[in-house]
Amino acid sequence: LKTDKLTKIYGREENKVEALKDVSISVEKGKFISVIGPSGSGKSTLLHCMAGLDTPTSGKVLLNGENIFDLSDNRLSVLRRRNFGFVFQSFNLIPVIDIYDNITLPVSLDNKSIDKDYISEIIDILGLKDKIKRFPNELSGGQQQRVAIARALSNKPDVIFADEPTGNLDSKTAEEVIKFFRICVEKLGETIVMVTHNEEVAFTTDICITMRDGEILSKRDNGERKK
Ligand code: ADP
Ligand code: ADP
């Protein structure tokens, strides 16, 4: 996944805000990437544009060499559903269906048959085996976020986008959720792009992108990562 000179301008004239200025970055497959920076620096706008949730004013987002904004709205929404997974600050689980059905919902919505072995594997990896018959309100925040991660994985996405996934969690639970993201990268070869306010969390990812005023200030390879 790459961005090529992504620019996003909100408003016009004296109210104009350049939320992104010519941002070109590449996201290597199988890496855990964090995006940090002060509030208003353009993190969410970058994530939303990369994920095809928001249209840039100019520039491209290339997935496997193809600009996702060359697609029709329909094709783009199919691409989002099939190739991308999403995890947000609020867990957004459906309260009236059990955990198993929450996890497999994206697959069911796509009218695809459920790969039971794969779903069992992700349930196992996320430590949710004894929770699948439960309902969201019976789980703690950290457990609900693990369900949201499993749901994001259910369609075998190319990239998972996470917007402040630990924002609603205490620091101990946050650390645990980040460990599960890490396990997804290591066991499934998943690629994760995560926006976070938390510098400690960012330090545990493979690559840390720092934004300032709509631009990339630095892209740091954390190398041999900390446990
Ligand atoms: P961050 O995620 O780093 O807090 P955002 O991407 O949310 O930053 O915002 C970047 C800039 O764009 C900010 O100045 C913000 O106020 C502005 N912005 C974001 N979304 C909108 C919008 N829908 N309309 C107008 N301005 C926006
Ligand atoms: P964060 O800092 O967590 O990214 P924000 O408070 O910046 O969250 O933005 C929350 C939502 O409000 C986003 O959907 C963003 O697009 C929108 N938003 C942010 N700034 C503005 C703005 N100046 N005008 C209109 N919408 C905005």
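This is a predicted model: local features need pLDDT of at least 70, side-chain atom pairs count only at pLDDT 80 or more; totals for chains, interfaces and linings use all residues.
## Basis of the model

Local features need pLDDT of at least 70 and side-chain atom pairs count only at pLDDT 80 or more, while totals for chains, interfaces and linings use all residues. Residues are numbered from 1 along each chain as its sequence is written, chains are lettered from A and ligands numbered from 1 in the order in which they are written, and side-chain values use heavy atoms, with hydrogens and water left out.

## The shell around ligand 1

Which residues surround ligand 1? They are Tyr-10, Val-17, Ala-19, Pro-38, Ser-39, Gly-40, Ser-41, Gly-42, Lys-43, Ser-44 and Thr-45. A residue is near a molecule if one of its heavy atoms lies within 4 Å of it. By class, the shell holds four nonpolar residues, six polar and one charged. Here Ala, Val, Leu, Ile, Met, Phe, Trp, Tyr, Cys and Pro count as nonpolar, Asp, Glu, Lys and Arg as charged, and the others, Gly among them, as polar.

Strand E2 (17-23) and helix H1 each supply at least two shell residues. H1 gives the most, with three. Helices (H or I, at least four residues) and strands (E, at least two) are DSSP runs, numbered from the N terminus.

Some atom pairs stand out by name. A backbone N or O atom of Gly-40 lies 2.7 Å from an oxygen atom of ligand 1. For Ser-41, a backbone N or O atom is 3.1 Å from a ligand oxygen. Tyr-10 uses a polar side-chain atom, 3.5 Å from a nitrogen atom of ligand 1. On its own, ligand 1 has 560 Å² of accessible area, and the protein covers 58% of that. Accessible areas come from the Shrake-Rupley method with a 1.4 Å probe; for residues, only the protein chains shown count as cover.

H1 spans residues 43-50. Six of its eight residues are buried, namely Lys-43, Thr-45, Leu-46, Leu-47, Cys-49 and Met-50. Buried means under 20% relative accessible area, exposed over 50%, partly exposed in between (1.4 Å probe, protein chains only). Gly-52 follows H1, and its phi is positive, near 70°.

Asp-54 sits in the loop between H1 and strand E4 (58-63). Is Asp-54 buried or exposed? Asp-54 counts as buried because its relative accessible area is 19%. Leaving aside neighbours within four places in sequence, Asp-54 is in contact (heavy atoms within 4.5 Å) with Lys-8, Tyr-10, His-48, Cys-49 and Phe-69. The side chains of Asp-54 and Tyr-10 are joined by a polar contact of 3.3 Å. A polar contact is a pair of N or O atoms within 3.5 Å; within protein, one must be able to donate a hydrogen and the other to accept it, and residues adjacent in sequence count only if both atoms are side-chain atoms.

## Two nonpolar cores

In soluble globular proteins, nonpolar side chains tend to be buried together. The largest nonpolar core here has 32 residues. A nonpolar core is a set of buried Ala, Val, Leu, Ile, Met, Phe, Trp, Tyr and Cys residues joined through side-chain atoms within 4.5 Å. Ile-103, Leu-126, Ile-149, Leu-153 and Phe-181 have the most contacts inside this core. The elements giving two or more residues are helices H3 (99-109), H4 (116-125), H5 (141-153) and H6 (171-188), with strands E7 (159-163) and E8 (192-195). H6 gives the most, with seven residues. Apart from this core lies another, of 28 residues, among them Ile-25, Val-27, Phe-161 and Ile-207.

Leu-153 reaches several places along the chain. Beyond neighbours within four places in sequence, Leu-153 is in contact with Tyr-118, Ile-122, Leu-126, Ile-160, Cys-184, Leu-188 and Glu-190.

In H3, the buried residues include Ile-99, Asn-102, Ile-103, Thr-104, Pro-106 and Val-107. H4 and H5 are among the elements covering the buried residues of H3. Asp-98 caps the N-terminal end of H3, with a side-chain oxygen 3.2 Å from the backbone nitrogen of Tyr-100. Asn-111 follows H3, with a positive phi near 55°.

Asp-115 is in the loop between H3 and H4. Asp-115 counts as partly exposed because its relative accessibility is 33%.

Lys-131 lies in the loop between H4 and H5. Lys-131 is buried, at 17% relative accessible area. Its side chain makes a polar contact of 3.4 Å with that of Asp-130. Not counting residues up to four places away in sequence, Lys-131 touches Ile-99, Leu-139 and Gln-143.
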